[in-house]
Each structure stands twice: as structure tokens, then as C-alpha cells.
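Biologist: I am new to this structure and would like to learn how to read it. Could you walk me through a few features?

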Amino acid sequence: GNGSPQFSNQNQLITDVSNLISGVYIFRLTVTDNDLGTSFDEVMITVIENVPPLAFAGDSITVVLPTNTAIAQGGGTDPDGSIAEFLWTQKSGPNSASIATPGQNITTFEDLITGVYTFTLTVVDDKGASGNDDLIVVVKSDSNADNGIPRIFSPNGDNINDLWQWA
């Protein structure tokens with residue numbers, strides 16, 4: 001290997017080896033008897049670096065008020081292990097939203113107001129490495145909310161192409 005292995009006690013039958021990096025190491029154990037006869041055996045150890053997991057927070061979400069919640073369906077993959085932990089956090093936004101289940105891959109963001117939010121999903125693998133991805137949530141105001149026209153009224157009842165103009 002390319003590292004500089006350190007032995008906790010190289011003159012004992014059992015020892016710990018540290019300071020290993022990715023690579024292949026061959027260690028030799030040599031024993032000497034009372035008549036100064038020697039024998040040895042070798043062991044090959046391959047050290048593989050932990051590959052960090054990949055997080056996927058999902059595609060951007062747009063909601064229109066009065067809906068003030070958004071459901072996120074995130075996930076993660078780990079090429080050399082498994083995902084052990086999920087964590088959703090809010091990175092930015094016009095207010096502090098509530099995150100219903102921050103430790104789950106699927107969660108709901110609540111108490112959203114008009115604006116753009118960024119939430120981060122962090123995934124941690126079974127060996128402690130992490131990866132993250134951001135999710136954008138856009139909250140738009142309802143353009144019909146303040147015009148004084150009840151949204152339940154449509155001249156022909158289909159709620160399509162109903163254009164109102166004040167005279």
C-alpha cells in the first residue's frame with residue numbers, strides 16, 4: 001500500500017495496524033524459536049476507501065397558496081454500503097418552515113408562505129460518510145385571491161378561460 005502503517009506493538013502475537021489508506025498491503029509475520037530458527041507467513045490486506053453516498057432531494061416543487069405545505073420524496077444510494085440516516089434541514093426561505101419528519105426520506109414542509117425555499121437532504125451511510133442535495137420549493141400567491149371575485153363562480157361552470165375585467 002501507499003500509506004505508512006503503524007503497529008500498536010509489532011513484537012506481540014496480536015497487534016493493531018493503523019494509518020492505512022486505500023491500497024493492497026502485504027504483512028509478514030516472522031517467528032523465531034529458541035535455536036534461532038525462523039519461519040514466516042504473509043497475509044494480504046486490501047483497504048478500500050468508503051465511497052460517500054449520493055443524496056437525491058427530488059425535483060423542484062411549486063405550490064400555490066392557500067396550499068401552504070409541500071411533500072418531499074427524497075432518497076439516497078450508497079455504492080459500497082447502505083443508507084443509515086436521512087436529515088432534512090432548511091437552508092433558506094422567507095420564514096422558518098416546519099419540517100414534519102426531518103429524519104425520514106419522505107417528509108412534509110409546513111407553514112410555507114410566498115417565496116422561494118431551499119431545503120437540504122443529507123444522507124449518511126453505514127460507515128459515516130455523507131452526501132447532500134438541495135430541493136427548491138416555490139410558493140406562489142393565488143392570483144385570484146384579492147380581486148374580489150369569488151373563485152367558485154364560473155359563467156358556464158367549467159372554471160376555464162374565465163377572464164374578468166373591471167369597467
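This is a predicted model: local features need pLDDT of at least 70, side-chain atom pairs count only at pLDDT 80 or more; totals for chains, interfaces and linings use all residues.

Biologist: In which sense do strands S3 and S4 pair?

Modeller: Strands are DSSP runs of E with at least two residues, numbered from the N terminus, and two of them pair if DSSP finds at least two bridges between them. Here S3 (residues 23-32) and S4 (residues 38-47) are antiparallel, with 10 bridges. Valine 31 lies opposite serine 39 in S4. The two strands make a hairpin with 5 residues between them, and leucine 36 in the turn has a positive phi of about 65°.

Biologist: How many aromatic pairs does a search of the whole structure find?

Modeller: A pair of aromatic rings is described by the distance of the centres and the angle of the planes. Rings of Phe, Tyr and Trp (its six-membered ring) pair if their centres lie within 6.5 Å; planes under 30 degrees apart are stacked, over 60 edge-to-face, and the rest tilted. The search gives 5 pairs. One of them, tyrosine 25 with phenylalanine 27, is stacked, at 6.0 Å centre to centre and 5° between the planes.

Biologist: Is tyrosine 25 buried or exposed?

Modeller: Buried means under 20% relative accessible area, exposed over 50%, and partly exposed in between (1.4 Å probe, protein chains only). Tyrosine 25 is buried because its relative accessibility is 4%, and phenylalanine 27 is buried at 15%.

Methods:
Residues are numbered from 1 along each chain as its sequence is written. Side-chain values use heavy atoms; hydrogens and water are left out. Helices (H or I, at least four residues) and strands (E, at least two) are DSSP runs, numbered from the N terminus.
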